[in-house]
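Please examine the protein chain shown below.

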Amino acid sequence: MIQADKQQAILLNFIMNKKWSLVRHIIMLIPLASVFIPTIHPDTPKKIANFDQVISAVYQHGVFMFILSVFIIYTNLIVLIPKLLFKNRYFFYAVSVLFMGVLYYLGEYFHGNYVYKGFEANIDVPGLNIKDFIDNILLPLIFLGATTGYKVFKKWVIDTQRINELQKAQLQQELVHLKNQVNPHFLFN
């Protein structure tokens, strides 16, 4: 039991302490970056005549989408959660998150069609249809949900700690007040 408490304290320290902030952000960004690194089958260069140009376009689009994803995630963390979610403006927060998903989809569509122009035979170019919309909106919603969950959990821990501190302070004040009431009683008797 003591070992479990120690592990929970270490994990809570990692989640809450500002000195681990950079590490937490890197841990979040690595899986995000890995989504945009293409996997290439070894036989692919033999099948595609302009392989280097295709790979260059794929990496350009991957970097653009990574930057757009980072923008969306940090907009959520820095602006949307504190200004909307934590101010109990849930409807506006939900609309804003949906807007971020649509922004991601439009970035995927317009940039993908620009970069992949001429490579349509080798690459699936995003289209303006419901299937591509759903496929492309899921990734940002997953990352937005994960970062929102983290921020809500962190706020809950901070609020719980504050409540516990206030309860302890209130109990100590009540104890001091009771001592002050009892002491004169014993003096007069």
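The following questions and answers concern a predicted model.

Q: What is the mean pLDDT of the protein chain, and which elements have the lowest and the highest mean?
A: The chain has a mean pLDDT of 84, and 89% of its residues reach 70 or more. Among its elements, helix 3 (residues 44-47) has the lowest mean, 64, whereas helix 5 (residues 90-115) has the highest, 92.

Q: Why is helix 1 called roughly perpendicular to helix 2?
A: Helix 1 (residues 2-16) and helix 2 (residues 21-35) pack at an angle of about 85 degrees, and their axes are 8 Å apart. Angles of 65 to 115 degrees count as roughly perpendicular. The angle of about 85 degrees therefore makes helix 1 roughly perpendicular to helix 2.

Q: What makes the pairing of Lys131 and Asp135 a salt bridge?
A: The side chains of Lys131 and Asp135 meet with a distance of 2.7 Å, N to O. A salt bridge requires these atoms to be within 4 Å, so the pair qualifies. Side chains of opposite charge can pair when their charged atoms come close. Lys131 and Asp135 are four residues apart in helix 6 (residues 130-188), which means that about one helical turn separates them.

Q: Why is Lys131 called exposed, and why is Asp135 called partly exposed?
A: Exposed means over 50% relative accessible area, buried means under 20%, and partly exposed lies in between. Lys131 has 54% and is therefore exposed. Asp135 has 42% and therefore counts as partly exposed.

Q: How do you know that Asp159 and Lys155 form a salt bridge?
A: Their closest N and O atoms are 3.0 Å apart, and the cut-off is 4 Å; the pair therefore meets the definition. Both residues lie in helix 6, four residues apart, about one turn of the helix. A search of the whole structure finds two salt bridges.

Definitions and conventions
Residues numbered from 1 in each chain as written. Predicted model: local features only at pLDDT ≥ 70, side-chain atom pairs only at ≥ 80, totals over all residues. Heavy atoms only, no water. Axes fitted to C-alpha atoms, helices over the stretch in contact; angles between N-to-C directions. Helix = DSSP H or I, 4+ residues; strand = E, 2+ residues; numbered from the N terminus. Parallel < 35°, antiparallel > 145°, perpendicular 65-115°, else oblique. pLDDT = per-residue confidence, 0-100. Buried < 20%, exposed > 50% of the residue type's maximum accessible area, 1.4 Å probe, protein only.
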